[in-house]
Amino acid sequence: MGIIKTENLTYVYGEGTPFRKVAVDNINLDIDEGEIVGIIGRTGSGKSTLIQHFNGLLKPTSGKVFIDGDELFADKSRLKEIRFKVGLVFQYPEYQLFEETVYKDIAFGPKNMGLSEDEIDRRVRETARLVGLKPEYLEKSPFELSGGQKRRAAIAGVMAMEPKVLILDEPTAGLDPRGRDRILGLIKEYHAEKGTTVLLVSHSMEDVAKTVSKILVMNNSKVFMYSDRSGVFAKAEELTSMGLTVPQVTRVFDRLRAAGIEFEDEVFSVEYAKDLVLRLLRERGQSLD
Amino acid sequence: MIKDITIGQFFPGKSIIHRLDPRIKLLLTVIYIVMLFTASGFTGLLAASLYMLAAFIISGIPIKMMLKSIKPILPIIIFTGILNLFFISSGDPLVEWHFIKITDDGVRTMIFMAARIILLICGTSLLTYTTSPITLTDAIERILSPLKVIKFPAHEIAMMMTIALRFIPTLIEETDKIMSAQKARGADMESGNLIHRAKALIPILIPLFVSAFRRAEELALAMECRCYHGGEGRTRLKQLKTAPRDYVAVVITLIFLAAVIVLNMFSPI
């Protein structure tokens, strides 16, 4: 059994009112520990509702959720304990900042876990370094920071709890390309350093493609597919019909292959594409000489 | 969950009650309230309740919703009931024990008052079930607009009400989101003593205030960008127009009012 497992998970909003809506429909999932997974789907496909089940914020209308082998809601007194295993970073997490200083805000989660002062201090400083906040920022008010810094501070607040699973809901929403790359970079770094499971929710295929190893595609409240990147991008047509796109660079290289240029690799990022083109050119250059 | 709280509680529909002019609906509600308070006996109340039930059935709102609207005021009904039961000393005593004295008048008044409050709440909630909050404030603005002569800011008040109503769901959603985010960080809002719980609200209230102010500022800016400068010379997208059905509704309601007044003459209490 993986770190996250669901059995026939279904969630219905507004049961018994005219606004009834099935948000998550009969989902069976099994995500392995240490994986970095992208969850992708258009707005309203049920991504956000799905992830809120993973730390017990929503109670399934029917079906079960297991975290690390423990069933959520089987024993209500253990809910909080299980909740600490799954760190959830919401959309626009900077709106949850409230403390007087950045330090105190990052320490909020670890403090609620009942850790010792020394341990809290270690975690706050370590995560602040990880997200690239300089030590002098820790004593500032979170409301003095810039937008990107605020977001990184809020993400640090969840990372400091050192959860077994870190889930981020649209962590790059509303950021400029530079801020976006920075956040995606730090997520990758965090994953490399800690080796824990990371779930990245996004509607941008480009963001997901360069960060994750596996992709879960949601469509109309259901799981369309869960596979590695090339498996997902092979279904380009179906993805387009559900309002998603294959990354631009992947499309370009698919067309090049169709045009008769031979190469083995699957291309998901521009940097990789650059290396590939240079290598192919060099190979040809040598054969021409 | 916090989302279950319904404010405004509008129930979309296409019944004739939904389509009545909101100004007329407000007027009808006022006549209905007058009807309830002129009724001096049970027969009068019965007529009023027939009127209300008929309106409920025509509107297609589930009767369940009517019962739901009574629930929050149950304590008030019980409280006034107890007061009436123990403090009315006229009439024939039914129970007498030390200083407690319950009379038949007391029992009758208790039931009468309870029935009146229940009818009042059911009838007025029908107004909010069948009229969207925005149309309602629109109607209020139109009704109050003659008062502009004495410098009464009818438009401004209606605009403030509209904005407040518009932002209730937004703020509820926001509160829900912030609560989820803080819960995910291990915030505990459900246990502990009063002081502990009050303290636990800080992580929710501060971000909520910050975002409310941010929204207010953004909204003001957006309104200014679209040249909003108050109610002077503004026209509206949806003109309120009365139709024959509105007059029919008024006539029916007035007939019921007359019936209640006539019934008063034949009914005791």
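Predicted model: local features only at pLDDT ≥ 70, side-chain atom pairs only at ≥ 80, totals over all residues.
I start with chain A, which has 11 helices and 10 strands. Its radius of gyration is 21 Å, close to the 19 Å that the globule rule gives for 289 residues, so chain A is as compact as a globular protein of that length. Along the principal axes, the C-alpha atoms of chain A fill a box of roughly 70 × 50 × 35 Å. Of the 289 residues, 49% count as buried.

Now the salt bridges. The count over all chains is 30. One of them joins B:Arg185 to A:Asp105, with the closest N and O atoms 3.0 Å apart. That pair crosses between chains, from the loop between helices H8 and H9 of chain B to helix H3 of chain A. Both B:Arg185 and A:Asp105 are buried.

Within chain A, A:Glu119 pairs with A:Arg122 at 2.8 Å. These two sit in helix H4, 3 residues apart, which is about one turn of the helix. A:Glu119 is partly exposed at 23%, and A:Arg122 is partly exposed at 35%.

A:Arg180 and A:Asp207 form another salt bridge, at 3.4 Å from N to O. This pair links distant parts of the chain, helix H6 and helix H7, 27 residues apart. A:Arg180 is partly exposed at 26% relative accessibility, whereas A:Asp207 is buried at 4%.

There is also a network of salt bridges, including A:Asp68, A:Arg78 and A:Lys164.

Last, the surface. A:Lys134, A:Lys140, A:Arg178 and A:Arg182 form a positive patch. A:Lys140 lies in the loop between helices H4 and H5, and is partly exposed at 32%.

Key. Residues numbered from 1 in each chain as written. Chains lettered and ligands numbered in written order. Heavy atoms only, no water. Patch = residues over 30% accessible without salt bridge, like charges linked within 9 Å, V, L, I, M, F, W, Y side chains within 5 Å. Areas by Shrake-Rupley, 256 points an atom, 1.4 Å probe, with all protein chains shown as cover. Salt bridge = Lys/Arg side-chain N within 4 Å of Asp/Glu carboxyl O. Lys, Arg positive; Asp, Glu negative; His and termini not counted. Charge placed at Lys NZ, Arg CZ, Asp CG, Glu CD. Helix = DSSP H or I, 4+ residues; strand = E, 2+ residues; numbered from the N terminus. Buried < 20%, exposed > 50% of the residue type's maximum accessible area, 1.4 Å probe, protein only. Rg over C-alpha atoms; globule rule 2.2 N^0.38 Å.
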